[in-house]
Amino acid sequence: MTTTTYQVDQVTTNKMKDYRAHLRTITNGLEEMAKAAGLTITVKGSASHGSRPDKGVDAILAAAHVLTALQNIVSRQVMPLKPVVVTIGTIHGGTAENVICDHVTMEGTLRTTTPQDRSFALQHIEKVARGI
(Lines give C-alpha, C1' and ligand atoms only; values in the text may rest on other atoms or scores of the structure.)
Protein backbone atom coordinates (compact mmCIF):
# COMPACT_ATOMS: atom_id res chain seq x y z
CA MET A 1 0.00 0.00 0.00
CA THR A 2 1.36 3.41 -1.01
CA THR A 3 1.02 6.43 1.25
CA THR A 4 0.40 9.70 -0.55
CA THR A 5 2.29 12.63 0.95
CA TYR A 6 1.65 16.21 -0.05
CA GLN A 7 4.00 18.93 1.04
CA VAL A 8 3.01 22.56 1.25
CA ASP A 9 6.35 24.14 0.59
CA GLN A 10 5.51 27.75 1.14
CA VAL A 11 2.79 29.87 2.70
CA THR A 12 3.74 33.53 2.60
CA THR A 13 2.21 36.96 2.75
CA ASN A 14 3.92 39.13 0.20
CA LYS A 15 2.51 42.58 0.93
CA MET A 16 0.40 44.58 3.32
CA LYS A 17 -1.29 47.71 2.04
CA ASP A 18 -4.39 49.82 2.31
CA TYR A 19 -6.96 48.45 -0.06
CA ARG A 20 -10.03 50.35 -1.18
CA ALA A 21 -12.69 47.77 -1.89
CA HIS A 22 -16.25 46.83 -1.11
CA LEU A 23 -15.15 45.59 2.30
CA ARG A 24 -15.77 48.53 4.64
CA THR A 25 -16.73 49.04 8.24
CA ILE A 26 -17.93 52.08 10.12
CA THR A 27 -16.06 52.82 13.38
CA ASN A 28 -17.03 55.82 15.48
CA GLY A 29 -18.78 57.35 12.47
CA LEU A 30 -15.67 57.03 10.28
CA GLU A 31 -15.33 54.66 7.39
CA GLU A 32 -12.47 52.19 7.77
CA MET A 33 -11.12 50.43 4.70
CA ALA A 34 -9.93 46.85 4.70
CA LYS A 35 -6.24 45.99 4.57
CA ALA A 36 -5.07 43.40 2.06
CA ALA A 37 -2.32 40.84 2.56
CA GLY A 38 -1.06 39.07 -0.54
CA LEU A 39 -0.82 35.28 -0.23
CA THR A 40 1.36 32.77 -2.04
CA ILE A 41 0.90 29.05 -1.38
CA THR A 42 3.14 26.52 -3.11
CA VAL A 43 2.10 22.86 -3.03
CA LYS A 44 4.72 20.25 -3.95
CA GLY A 45 3.96 16.74 -5.13
CA SER A 46 5.82 14.32 -7.36
CA ALA A 47 5.51 14.13 -11.14
CA SER A 48 4.69 10.96 -13.03
CA HIS A 49 3.23 9.99 -16.36
CA GLY A 50 -0.55 10.13 -16.56
CA SER A 51 -0.65 6.41 -17.34
CA ARG A 52 1.01 5.72 -13.96
CA PRO A 53 -0.66 8.07 -11.44
CA ASP A 54 0.27 5.60 -8.70
CA LYS A 55 3.93 6.58 -9.17
CA GLY A 56 3.36 10.29 -8.52
CA VAL A 57 1.75 12.65 -6.05
CA ASP A 58 -0.71 14.99 -7.76
CA ALA A 59 -0.06 18.57 -6.61
CA ILE A 60 -3.16 19.80 -8.49
CA LEU A 61 -5.39 17.50 -6.46
CA ALA A 62 -3.75 18.67 -3.23
CA ALA A 63 -4.12 22.32 -4.27
CA ALA A 64 -7.83 21.73 -4.92
CA HIS A 65 -8.19 20.43 -1.37
CA VAL A 66 -6.31 23.46 -0.01
CA LEU A 67 -8.52 25.83 -1.99
CA THR A 68 -11.71 24.19 -0.70
CA ALA A 69 -10.44 24.17 2.89
CA LEU A 70 -9.48 27.87 2.73
CA GLN A 71 -13.11 28.76 2.08
CA ASN A 72 -14.01 26.99 5.31
CA ILE A 73 -11.99 29.53 7.32
CA VAL A 74 -14.34 32.39 6.48
CA SER A 75 -17.56 30.37 6.49
CA ARG A 76 -16.99 28.31 9.65
CA GLN A 77 -14.16 29.74 11.76
CA VAL A 78 -14.72 33.50 11.65
CA MET A 79 -17.65 35.13 13.41
CA PRO A 80 -20.23 36.00 10.71
CA LEU A 81 -20.26 39.73 11.57
CA LYS A 82 -16.49 40.11 11.05
CA PRO A 83 -15.44 41.23 7.59
CA VAL A 84 -12.84 38.69 6.47
CA VAL A 85 -12.35 37.69 2.82
CA VAL A 86 -9.96 35.05 1.47
CA THR A 87 -9.53 35.12 -2.31
CA ILE A 88 -7.37 32.83 -4.44
CA GLY A 89 -7.08 34.61 -7.77
CA THR A 90 -4.49 32.51 -9.60
CA ILE A 91 -3.58 28.84 -9.68
CA HIS A 92 -0.62 27.71 -11.76
CA GLY A 93 0.48 24.11 -12.18
CA GLY A 94 1.23 21.43 -14.69
CA THR A 95 3.26 21.29 -17.86
CA ALA A 96 1.45 18.80 -20.06
CA GLU A 97 -1.94 17.15 -20.37
CA ASN A 98 -0.57 13.66 -19.70
CA VAL A 99 1.73 14.37 -16.75
CA ILE A 100 0.82 14.29 -13.07
CA CYS A 101 1.77 17.75 -11.84
CA ASP A 102 4.61 18.06 -9.33
CA HIS A 103 3.94 21.59 -8.03
CA VAL A 104 1.21 24.22 -7.94
CA THR A 105 1.44 27.87 -6.94
CA MET A 106 -1.69 29.66 -5.76
CA GLU A 107 -1.82 33.42 -5.22
CA GLY A 108 -4.50 35.52 -3.67
CA THR A 109 -5.37 37.99 -0.96
CA LEU A 110 -6.67 38.12 2.57
CA ARG A 111 -8.75 41.19 3.44
CA THR A 112 -9.51 42.19 7.01
CA THR A 113 -10.25 45.38 8.92
CA THR A 114 -8.43 44.60 12.18
CA PRO A 115 -4.95 43.31 12.97
CA GLN A 116 -6.46 40.66 15.25
CA ASP A 117 -8.65 39.25 12.46
CA ARG A 118 -5.69 39.35 10.06
CA SER A 119 -3.47 37.44 12.50
CA PHE A 120 -6.21 34.88 13.20
CA ALA A 121 -6.90 34.31 9.51
CA LEU A 122 -3.22 34.08 8.53
CA GLN A 123 -2.60 31.49 11.24
CA HIS A 124 -5.53 29.43 10.01
CA ILE A 125 -4.53 29.78 6.35
CA GLU A 126 -1.11 28.36 7.13
CA LYS A 127 -2.57 25.63 9.35
CA VAL A 128 -5.05 24.59 6.66
CA ALA A 129 -2.46 24.64 3.87
CA ARG A 130 0.07 22.61 5.82
CA GLY A 131 -2.58 20.19 7.07
CA ILE A 132 -3.77 18.97 3.66
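Is Asp54 buried, partly exposed or exposed, and what is its relative accessibility? In this predicted model, Asp54 has a relative accessibility of 46% and therefore counts as partly exposed.

**View 1. The salt bridge between Asp54 and Arg52.** The closest N and O atoms of Asp54 and Arg52 are 2.8 Å apart. Arg52, with a relative accessible area of 40%, is partly exposed, and Asp54 is likewise classed as partly exposed, at 46%.

**View 2. The salt bridge between Asp117 and Lys82.** The side chains of Asp117 and Lys82 meet at 3.2 Å, N to O. Because Asp117 belongs to helix α2 and Lys82 to the loop between α1 and β6, the pair ties together parts that are 35 residues apart in sequence. Asp117 is buried, at 9% relative accessible area, whereas Lys82 is partly exposed, at 36%.

**View 3. The salt bridge between Arg130 and Glu126.** The closest N and O atoms of this pair are 2.9 Å apart, and the two residues, 4 apart in helix α2, are separated by about one helical turn. Arg130 is partly exposed, at 45%, as is Glu126, at 33%.

View 4. Helix α1 (residues 59–77) spans 26 Å from its first C-alpha to its last, and at its start a side-chain oxygen of Asp58 comes to within 2.9 Å of the backbone nitrogen of Ile60. The buried residues of α1, among them Val66 and Leu70, pack against β4, β6, β8 and α2.

Definitions and conventions:
Residues are numbered from 1 along each chain as its sequence is written. This is a predicted model: local features need pLDDT of at least 70, side-chain atom pairs count only at pLDDT 80 or more; totals for chains, interfaces and linings use all residues. Side-chain values use heavy atoms; hydrogens and water are left out. The expected span of a helix is 1.5 Å times one less than its number of residues. Buried means under 20% relative accessible area, exposed over 50%, partly exposed in between (1.4 Å probe, protein chains only). Contact means heavy atoms within 4.5 Å. A polar contact is a pair of N or O atoms within 3.5 Å; within protein, one must be able to donate a hydrogen and the other to accept it, and residues adjacent in sequence count only if both atoms are side-chain atoms. A salt bridge is a side-chain nitrogen of Lys or Arg within 4 Å of a carboxyl oxygen of Asp or Glu.
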